[in-house]
Amino acid sequence: MELWDFRNGDRNEIFAWAQRLSKRDRAALNQKLDLLERLDFEQAIGLKLLAGPIQHSGHILKLRASGDHALRPLLCRGPHVPLHEYTLLKGAKELDRKLEPPGVLDKAIENRSHVRKDKERRVKHERA
Amino acid sequence: MKERRSRLIDELRDKEYREAYADQHVNALLAAQISAIREQRGLTQAGLAERIKKQQPAISRIENVNYARWNIQTLREVANALGCWLDIRFQSWGQLVDDADSYSMETLRRDRLEDDPVFFGSQAQGQVPEPVRWMQKQLFPWLLSNHDNDQLSRWLRGLDLPSFGDAEPPFVWIGRAVEVEPEDSPYRSLLIDRALGLFSEIEHGVPRPGEQNPLPVGIFNLLAMFPSVKGWQKLNEIYQDGPLSGMMLPAPVQSAFLSALIRNQVDRKLESTWLTIIREGKHDWLPANEFDAFEGLKWLSPRPRIDAIAKGLREMYMSQYGRSKLGAVKLAATFGSLMEDVKHTFKNHPSLDEMLWKAGQRIDWDETIVAAWVKVFAASEEDRTRLLEGADESDSRLLTSVFGAFPLASPADVQTVASEPELAPV
């Protein structure tokens with residue numbers, strides 16, 4: 001599977017978010033992304049690597065990675081080649097079963113819509 | 001693919017990062033493997049739970065890549081219920097790179113005892129072992145496709161293979177997948193083409209440091225399994241003025257390279273090289289020893305030079321054992337072994353009789369030599385006892401058989417030989 005990151009102008013938002021994580025969090029995130037690349041969607045869901053789609057979001061999934069924090073970057077399949085790619089849309093964490101920062105799910109939905117309309121709004125995944 | 005691997009290596013240089021990554025990797029690996037093997041067995045989570053006397057949510061919990069509270073006893077119970085065993089061991093960090101690089105649900109599956117080629121399903125029973133069938137399913141479509149050589153590179157390095165990769169080097173299974181096909185199967189030449197193409201792609205054929213299954217080893221071994229004119233041309237190019245010429249190679253690479261060189265000979269180009277190595281024990285640029293040289297002579301094409309083998313063998317053993325008391329006996333024993341070796345190696349060779357006759361010319365003298373040696377050094381009970389006391393296990397067996405063949409000589413016989421005999425000229 002191919003991984004893509006949402007881009008806002010010249011800024012890779014996913015890379016920027018991941019860079020701010022602790023070293024242990026980054027290791028957890030990168031290991032889970034390595035895994036995501038190697039599994040098909042059903043396997044990733046079965047092994048609870050992915051959760052979702054989140055209710056009322058339509059297509060937004062959570063990647064589950066537990067380091068120092070419960071990391072839950074939001075992503076979607078495709079959107080251009082759904083069977084072979086994921087696009088990471090927004091960095092997020094989970095605390096008390098709630099996504100943080102507030103409003104992050106809406107932002108992910110919006111970012112997906114940008115990517116659907118314009119392929120240039122994403123770049124190949126860049127590892128932090 | 002290569003980029004990802006080198007990026008991971010860079011990341012793992014940091015202690016805190018690599019320890020955290022390894023924890024995550026192990027947790028994910030265990031969860032994924034339980035799921036992979038359970039599905040391989042056709043079991044539901046509830047079915048597996050029943051076998052270990054737990055409820056389905058317990059299995060759901062451990063088949064979660066973020067689960068971290070493992071209990072060895074539970075893992076043992078799961079392993080038994082899945083018909084395999086639990087292996088717990090410490091690993092080097094390089095292994096983490098290989099593992100992470102080869103991760104897939106397919107590679108996590110494990111055979112049941114009934115499907116394990118070590119226990120069942122051998123070729124002797126007229127069946128193609130499961131790993132060979134598996135390899136054929138992957139290999140043949142790939143050989144017929146136009147895909148690049150990266151997949152072959154991964155297989156030869158032991159990546160993307162199921163558990164059978166642990167028992168034998170990966171090239172063995174790739175080779176067997178083709179070897180069980182008919183002689184004129186197109187897969188043979190396709191595999192050689194791909195292996196040669198892959199060799200051209202890797203830089204100087206030198207393995208990566210610490211790599212468990214260095215790529216050049218796999219390629220050379222495949223070339224040794226399936227000799228070809230193309231293989232010979234490539235190997236000529238490599239050893240004459242290529243990157244391997246005169247290099248100190250890691251032992252497995254050197255050994256595989258020599259095997260390939262020896263088995264691919266289609267002319268007598270190397271004959272004098274092999275003879276030089278036998279005489280001098282080494283060569284300026286070909287990293288081979290006397291034993292490699294004998295193999296080289298044996299596999300000369302179109303016909304092995306049995307005459308040269310016999311002569312070379314005698315020269316080598318003369319220099320090695322000529323001055324020792326047991327030298328003559330060892331020489332004789334070696335030539336006996338040579339005969340057996342010749343019979344075994346060339347049993348279907350059209351000129352077998354001629355070769356044996358030539359070999360016979362070289363070994364006629366052995367009984368005479370042994371008899372003379374016995375008369376000088378083992379003429380009395382005391383001599384024999386002393387020799388046996390000073391002999392190691394191998395020499396002791398040899399001496400016992402010699403003494404059995406040559407009963408104690410009479411005093412008159414002993415006086416006829418004054419000193420250790422000279423060996424007959426060849």
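This is a short tour of a predicted model, stop by stop, for your viewer.

Before you start selecting, note that residues are numbered from 1 along each chain as its sequence is written, while chains are lettered from A and ligands numbered from 1 in the order in which they are written. Local features here need pLDDT of at least 70 and side-chain atom pairs count only at pLDDT 80 or more, whereas totals for chains, interfaces and linings use all residues.

**Stop 1: chain A**

Select chain A and colour it by secondary structure: there are four helices and eleven strands. Helices (H or I, at least four residues) and strands (E, at least two) are DSSP runs, numbered from the N terminus. Of the 128 residues in chain A, 44% are buried, meaning that 20 or more other C-beta atoms, placed from the backbone, lie within 10 Å of the residue's own.

**Stop 2: a sheet in chain A**

Stay in chain A and find the open sheet with strand order S5-S6-S9-S10, paired antiparallel. Two strands pair if DSSP finds at least two bridges between them. Strand S5 (65-66) and strand S10 (98-100) each have a single partner strand, so one side of each has no neighbour in the sheet. Now zoom in on strand S9 (residues 93-95), which is joined to S10(A) by three antiparallel bridges. Here A:Leu95 sits opposite A:Lys98.

**Stop 3: where the chains meet**

Show both chains: 20 residues of chain B are in contact with 20 residues of chain A, a contact being two C-beta atoms, placed from the backbone, within 7 Å. On the chain B side, H2(B) supplies the largest share, ten residues.

**Stop 4: the largest nonpolar core**

Select A:Leu36, A:Leu49, A:Leu75 and B:Ala31, the residues with the most contacts inside the largest nonpolar core, which has 52 residues. Such a core is a set of buried Ala, Val, Leu, Ile, Met, Phe, Trp, Tyr and Cys residues joined through C-beta atoms within 7 Å. Helix H2 (residues 15-40) of chain B gives the most to this core, nine residues. Centre on B:Ala31 and you will find A:Leu47 among the residues that it touches, along with B:Ile62 and B:Tyr67.

**Stop 5**

Next, select helix H10 (residues 170-179) of chain B, where eight of the ten residues are buried. Among them are B:Trp173 and B:Ile174. Finally, show helices H8 (130-144), H9 (150-156), H11 (186-201) and H12 (215-225) of chain B, which are included in what covers the buried residues of H10(B).

Notes
Buried ≥ 20, exposed ≤ 12 C-beta atoms within 10 Å, placed from the backbone. Lists of a residue's contacts leave out its neighbours within four places in sequence.
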